[in-house]
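Dear colleague,

My findings follow directly after it.

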Amino acid sequence: MTASHLESSYMTDSQQSPVRKRARQQGQKLERREAILLSAWNLFQQSSYEALTMDTIAREAQLAKGTLFLYFRTKEELFLALTLKQLTYWFDGVDQQLAILPLPAEPSALVEMFAVSLRERSGFTRLLAILATALEQNSSVEAILVFKQELLGRMLRTGGLLEQALPFLSAGEGARLLMQFQALVIGLQHLANPAPAVQQVISAPALQVFQVDFDREFRSMAFALLKGLEKR
């Protein structure tokens, strides 16, 4: 190691270049933001969204509550960012499966792929269920714009893969199909997880028609949707 390298390695923060210092600080901010999202996700696995507070998340992330608000203005914006992260993971997995799916794909095979991807991510479907009713209700225009733009990019990419897999889909219909699947997920998530009082009521034999199995109903409805599109 040269003398100049040794000298630079022992520089104090004030002696380092502003560019390098800003880069390091930015990296630390990103790491802290990721730690906050991970803490929120871990807590969400064990609790309802309504029961979680910014205080609880700050303690889990080992941060002062005031520091948490430097990264997310509201709990809704924090969980909006968390939803985007989980959507990214889900899209990555779907894209990988679509890449190895024999083409043209059978609607039944595609439904199976989507059903498995959702069954393995129950926390993800819970987030989708509160996206419009809670998370987008107290988030800033800027936060929502970032979310929608990122989501649109992923939908267009995965939608394009769906159009390659299903020849009966025309340009742009892949993204629309994903929106329709999202609507199915949100509706079924609510119906399959009713309030305790509702669960008690619909346990009666005469009311069992209201008991909804998420996986079974998603498979049935998604398959019917694809077959309808195929027969146009």
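**Cavity, pocket and helix packing**

The structure, which is a predicted model, holds 1 cavity of 30 Å³ or more. The volume of this largest cavity is about 150 Å³. It is lined by 14 residues, of which W90, L128, L178, F181 and Q182 are the closest to its centre. Several helices take part in the lining: α5 (75–100), α6 (107–119), α7 (122–131), α8 (141–165) and α9 (173–192) each contribute at least two residues. The greatest share comes from α9, with 5 residues. In terms of residue class, the lining of the largest cavity has 13 nonpolar residues, 1 polar residue and no charged residues.

I turn next to the largest pocket. The space within the largest pocket amounts to about 320 Å³. Its lining is made up of 17 residues, and those closest to the centre are R33, F72, E77, A81 and V146. At least two lining residues come from each of α2 (18–44), α5 and α8. Here α5 gives the most, with 6 residues. The lining of the largest pocket divides into 9 nonpolar, 2 polar and 6 charged residues.

Two of the helices that line the cavity, α8 and α9, also pack against each other. How are they arranged? Their axes lie 7 Å apart and form an angle of about 110 degrees. Angles of 65 to 115 degrees count as roughly perpendicular, and α8 is therefore roughly perpendicular to α9. On the α8 side, the contact is made by M155, L156, T158, G159, L162 and E163. On the α9 side, E173, G174, A175, L177, L178 and M179 take part. By class, the residues of this contact comprise 7 nonpolar, 3 polar and 2 charged. L178 of α9 belongs to this contact, and L178 is also among the residues closest to the centre of the largest cavity.

Finally, a word on the confidence of the prediction. The chain has a mean pLDDT of 91, and 90% of its residues reach 70 or more. Residues 2–13 should be noted separately: pLDDT stays under 50 throughout this stretch. For residues 2–13 the model has 5 contacts beyond four places in sequence.

Yours sincerely

Terms used:
Residues numbered from 1 in each chain as written. Predicted model: local features only at pLDDT ≥ 70, side-chain atom pairs only at ≥ 80, totals over all residues. Heavy atoms only, no water. 1 Å grid on protein atoms, 1.4 Å probe; cavity = no way out; pocket = protein on both sides within 12 Å on 5 of 7 lines; lining within 4 Å. Points joined across faces, edges and corners; volume = space filled by probe spheres on them. Helix = DSSP H or I, 4+ residues; strand = E, 2+ residues; numbered from the N terminus. Nonpolar A, V, L, I, M, F, W, Y, C, P; charged D, E, K, R; others polar. pLDDT = per-residue confidence, 0-100. Contact = heavy atoms within 4.5 Å. Axes fitted to C-alpha atoms, helices over the stretch in contact; angles between N-to-C directions. Parallel < 35°, antiparallel > 145°, perpendicular 65-115°, else oblique.
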